[in-house]
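Welcome, and thanks for taking a look at this one with us. Please have the structure open as you read.

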Amino acid sequence: MTRKLSLLIIGLTFCLGLFSQTVTGNLSLLANQSIKLEGFNGLKTYPISSSNLDEKGNFKLTYSKADYGVGYLISADEKPLFVILSGEDVEIIGEALSYTETIKITKGQENKWFEQYAKEHPLREQALSAWAYLEKIYTQDALFAVQEHPIKNIQTEKLRIKAEDAAFLAKLPKESYVSWFLPARKWVSSVSTVAQYRPNEIPSSIAAFRALDYTDQRLYKSGLFKDAIESHFWLLENCGKSLDSVFIEMQHSIDAMMINLVIDEKKLNEVTDFLFDLLERHSLFQASEYLALKVLNEVSCTIDNDLAKQLETYRAMKKGNTAPEILFEGDNYAPGYAVNNFPKKLSDLNSSYTVVVFGASWCPKCTEELPEIAKHYSKWKAQGVEVVFVSLDENKEMFKNFTSIFPFISFCDYQKWNSTAAKDYYVFGTPTMYLLDHKRKILLRPNSVSQMDAWVDWNLVQGNK
């Protein structure tokens, strides 16, 4: 029995040796401090290994095949150092993670390539941007445009720099992780430079983003998952095209992302949830509506319940639909209406237009936006626009204190998110606004009071002159 147990232990040790690699090294200024190795799973990070450096600053951490991708070392100074976890042992020598100029990779070929490219590529990017600036001067300014040789030399040097960068990447073994990771990292990290200094490269950068497969485990474990989405849509938003053209480009990008995502429900939900929130925060509602309808109409996948309810807002409450009736049940406040003449429901209002606002006294943004609506109310009212505030408060005193200064209709049933109106209008955040016509047709989902006021000025005030 003892002999069998010994063989079992030897076998397990051998297997662990096959499937476990090390990240070792010496950080002389971090003696006796803790150090951690963490990895990426999509939008989240997770712990891989942790240890304490000895009195001389030596450390040893381990990782496995499950961690294949990119990880980062982090110590008490909170300065991360990214490492490639491709199945090789890695050795790092330096003073501290925060003193990047002292860090040297002494073992691990993929990490050496990563280290070299991380140092050289930013310099090439800076040089390219500088040459692009000079090229613009020499080709567009009459004082310099007559100088043919400098222009030709600038263009030659730009081509040389690009070729040098491409040659480095082309020499990387195709089966290596860095051969995929470094080009992807290049696209993600270069978007602001491309948009500002090299706009001619915007189409190729967008094409590269659209070619990314969000079900690819290499991307999921790279630490670029979140940055790729943000950089992609930031570049679209800042590509210099009209807003209508930007929305069309965003639709094409969403279509490209969904080709592979629809066969991976976990990543579909993760990407959709993040991208939908990103588009909403940037007030890109036309794009978020397209995303919502695209995902909801995809029958081959299952959407998480909470996300599905949020996305359903755009199917049920999209522009052109008829908004649900709202019964003014509960406590209400409405200056200008006699108690016995207070409207019982939304359709009782005689206004040409109605802005329905969902909010609450506990909502910080609402405490800014509702007083702004009050300032514009007399102008809006004169143009046939009524305002109805649906409060999601749960406390009667807080509701009354908050709404008593408002000149428009306010009511509350103290059911918060379970309010019938909130559920009928698929409200998941505050403030949420809808502009309706006299038949409750949805005309606009204003993202701010300023947008609503601009709509009044453009469509009503100017139109009546």
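Within the protein chain, helix α1 (residues 2–19) has the lowest confidence, with a mean of 47, while strand β10 (residues 353–359) has the highest, at 97. Over residues 6–18 the pLDDT stays under 50, and the model shows zero contacts beyond four places in sequence for them. Where pLDDT is low, the predicted coordinates should not be read in detail. For the protein chain the average pLDDT is 90, and 94% of the residues score at least 70.

Now to the sheet. Four strands, in the order β3-β2-β5-β6, make up an open sheet with antiparallel pairing. β3 and β6 stand at its edges with a single partner strand each, so one side of each is left without a neighbour in the sheet. From one strand to the next, the twist averages 30°.

| Edge strand | Residues |
|---|---|
| β3 | 44–52 |
| β6 | 81–85 |

Strand β5 (residues 69–75) pairs with β6 in the antiparallel sense over five bridges. Look there for G71, which stands opposite V83 in β6.

Helix α9 (residues 225–237) is the next stop. Its 13 residues, at 1.5 Å a residue, should span 18 Å, and the end C-alpha atoms are 19 Å apart, which agrees. Which residues of α9 are buried? They are F225, A228, I229, S231, H232, F233, L235 and L236. The cover over the buried residues of α9 includes α5 (177–189), α6 (191–197), α7 (202–211), α8 (217–220), α10 (243–261) and α11 (265–281).

Conventions. Residues are numbered from 1 along each chain as its sequence is written. This is a predicted model: local features need pLDDT of at least 70, side-chain atom pairs count only at pLDDT 80 or more; totals for chains, interfaces and linings use all residues. Side-chain values use heavy atoms; hydrogens and water are left out. Two strands pair if DSSP finds at least two bridges between them. Helices (H or I, at least four residues) and strands (E, at least two) are DSSP runs, numbered from the N terminus. Axes are lines fitted to C-alpha atoms, for helices over the stretch in contact, and angles run from 0 to 180 degrees between N-to-C directions. The expected span of a helix is 1.5 Å times one less than its number of residues. Buried means under 20% relative accessible area, exposed over 50%, partly exposed in between (1.4 Å probe, protein chains only). Contact means heavy atoms within 4.5 Å. pLDDT is the predictor's confidence in each residue, from 0 to 100.
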